[in-house]
Amino acid sequence: MTPAAKPRRYFGHGLPYCDIRDLTGTLITLEGTDGVGRSTQVRLLKGWLEVQGYGVIETGWTRSELMSETIGAAKAGHNLNQLTFSLLYATDFADRLEKIVIPALRSGFVVLADRYMYTAFARSVVRGADPGWIRSVFGFALVPDLVLHLKIDVDTLVPRVLRGRRMDYWESGMDMHLGSDPYESFRKYQRKLIREYNRMSREFGFVDLDATLPIDAIQEKVRARVKALLEERKIRALTESLETIRPLLFDPEPEKPRGGLETAGARGSTPAPSSGG
Amino acid sequence: MKSTKRNPPRKGKLIVVEGIDGSGKSTQVQLLLKWLEARGEQVFFTEWNSSELVRQATKRGKRKNLLTPSTFSLLHATDFADRLTYHILPYLKAGMTVLADRYIYTAFARDIARGVDPRWVRDLYSFAVPPDAVFYFRVPLEVATARILSTRSKIKFYEAGMDLGLSNDPVESFKLFQGRVLKEYDRMAPEYQFKVMDGTRSIDGQQQKVRAVVGKLYDSAPAAEAS
């Protein structure tokens, strides 16, 4: 059997105890900074996919059964440092990966991840973590099939966030002591984050989408990309299944030796049955 | 050991005891603590898995058997990072001695025994500071398990490695799992230059050896205060 053109793989050292060769689903991730409109796009995409009959599972940052309360409490208490901040996210991510993402992919679902490991990389690196270290910590992550990156500049982002909600302590990077003014801190922090996302877009080959466009226009582009991916995967799956039945389709029925009259070397490919009968 | 940032300046000493459950390391570290304090050293004691930050999650994960080898490992790494920040580095910077009952080697041994990638878990803990001495209390598996089983009415699920499905019998599973952990410790001993102690010897006999080694740490270096 021919192996898949692009077999599912781990980002780094992986989980030795978890076999991922049988994951047939599709992993699509949306990335981008705080308030850029990811969740809206995920919601619209999910509905569209379901209308077409795809099974869709959504997973979001810090929503794991194991860690969501702990992360909430730790953030409320403002007592995290760069290390514990990174590691809490990694724990949450691992829990969702093993309990939600991998089982869903094994059952053939489309998994939509609202943020993925790249958010952890961006946030950890701007807080001073070693980029190599945080990447190796997430070595157990699955490489996604598609990373849609909602790209924005800080000048467009600021009024959008201010209209939508209050400025949040963590989204403003107040823990980084960039200044006592939340507005100034937000701008500085988000500028750093955006730079990091843009750098990773080149490193990991994100699909950049202009997040300054209207919601519908972005969604149209999102759907086009997702449609192309799903079709490509369908064709690949079809090709693979064709490969497995090719011998039945194209090879003539293996000749049965009749009464010892064996045509000498007629078919090199079919191994000669052991003489007997 | 590489760090996410450069290693902070430190003046104090970090002394670590390691070994499987029932190896006698906790007894030895308490005796060492008494001796160091009697000598007039300022000593801070820290235990594995004791930070407030992830206590709830760890408890919940263990009670409901939610943990996988990777989340088990990451929760302990988070706990360790928190303790390193608040319970270890400040004391070392202040020139105090830190005694640690278990350190990163416990994570390496247990997590690898659970099936995580050995390179991954070493990278994960690369932010740790290297200790000045690591005492490894080595006892045969049968001795350690007999000690634990005689003093406990019940072995806990993760302690027995029941999550690995080695055996449905907790005692049997405990023995198999501890055997794996022991093997990992033995493998690490030369790699990290553990001071290997024969945990079957008398308690005071072992303690004399520990004190002799630790005494040299203080003699060889100038006093902690003189930086």
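Hi everyone, let's start in chain B, where E2(B) and strand E3 (residues 97-101) pair in the parallel sense over 5 bridges. Two strands pair if DSSP finds at least two bridges between them. Helices (H or I, at least four residues) and strands (E, at least two) are DSSP runs, numbered from the N terminus.

A word on the model before we go on. It is a predicted one, in which local features need pLDDT of at least 70 and side-chain atom pairs count only at pLDDT 80 or more, while totals for chains, interfaces and linings use all residues. Residues are numbered from 1 along each chain as its sequence is written, and chains are lettered from A and ligands numbered from 1 in the order in which they are written.

Back to chain B. Which residue of E3(B) is the bridge partner of B:Val43? That is B:Thr97. The sheet as a whole is open, with 5 strands in the order E2-E3-E1-E4-E5 and parallel pairing. At the edges stand strand E2 (43-47) and strand E5 (195-198) of chain B; each has a single partner strand, so one side of each is left without a neighbour in the sheet. On average, neighbouring strands of this sheet are turned by 20° against each other, direction ignored. Helix H3 (residues 69-93) of chain B packs on the sheet and touches strand E1 (14-18), E2 and E3 of chain B. The direction of this helix makes about 160° with that of E2(B). For these angles, axes are lines fitted to C-alpha atoms, for helices over the stretch in contact, and angles run from 0 to 180 degrees between N-to-C directions. Two residues are in contact if their C-beta atoms, placed from the backbone, lie within 7 Å.

Now over to chain A, which has 8 helices and 5 strands. Along the sequence, chain A reads β-α-β-α-α-β-α-α-β-α-α-β-α. Of the contacts in chain A between residues at least 6 apart in sequence, 79% join residues at least 24 apart. Buried residues make up 37% of the 277 residues in chain A. Here a residue is buried if 20 or more other C-beta atoms lie within 10 Å of its own, exposed if 12 or fewer, and partly exposed in between, with C-beta atoms placed from the backbone.

What is the strand order in the chain A sheet? Chain A has an open sheet of 5 strands in the order E2-E3-E1-E4-E5, with parallel pairing. E2 and strand E5 (207-210) of chain A are at the edges with a single partner strand each, so one side of each has no neighbour in the sheet. Let me take E3 of chain A, residues 110-114: 4 of its 5 residues are buried, so E3(A) is largely enclosed by the rest of the structure. Strand E1 (residues 26-31) of chain A runs parallel to E3(A), joined by 5 bridges, and A:Leu30 stands opposite A:Asp114 in E3(A). Strand E2 (residues 56-60) of chain A also pairs with E3(A) in the parallel sense, over 5 bridges, where A:Val56 has A:Val110 as its bridge partner.

Next, the interface. 30 residues of chain A are in contact with 28 residues of chain B. On the chain A side, the elements that give two or more residues are helix H2 (68-77), helix H3 (82-106) and helix H5 (131-137). H3(A) gives the most, with 9 residues.

So what does H3(A) look like? At 1.5 Å a residue (times one less than the number of residues), the 25 residues of H3(A) should span 36 Å, and the end C-alpha atoms are 34 Å apart, which agrees. H3(A) has a kink of about 45°, centred on A:Leu97; the bend at a residue is the angle between axes fitted to the seven residues ending there and the seven starting there. 21 of the 25 residues of H3(A) are buried, so this helix is largely enclosed by the rest of the structure. Just after H3(A), A:Gly108 takes a positive phi of about 90°.

Last, some backbone angles. Most residues other than glycine have a negative phi. A:His177 has a positive phi of about 55° although it is not a glycine. A:His177 lies in the loop between helix H6 (154-164) and helix H7 (182-204) of chain A, and is exposed, with 8 other C-beta atoms within 10 Å. In chain B, the phi of B:Asn49 is positive, near 60°. B:Asn49 sits in the loop between E2 and helix H2 (55-63) of chain B, and counts as partly exposed, with 15 C-beta neighbours inside 10 Å.
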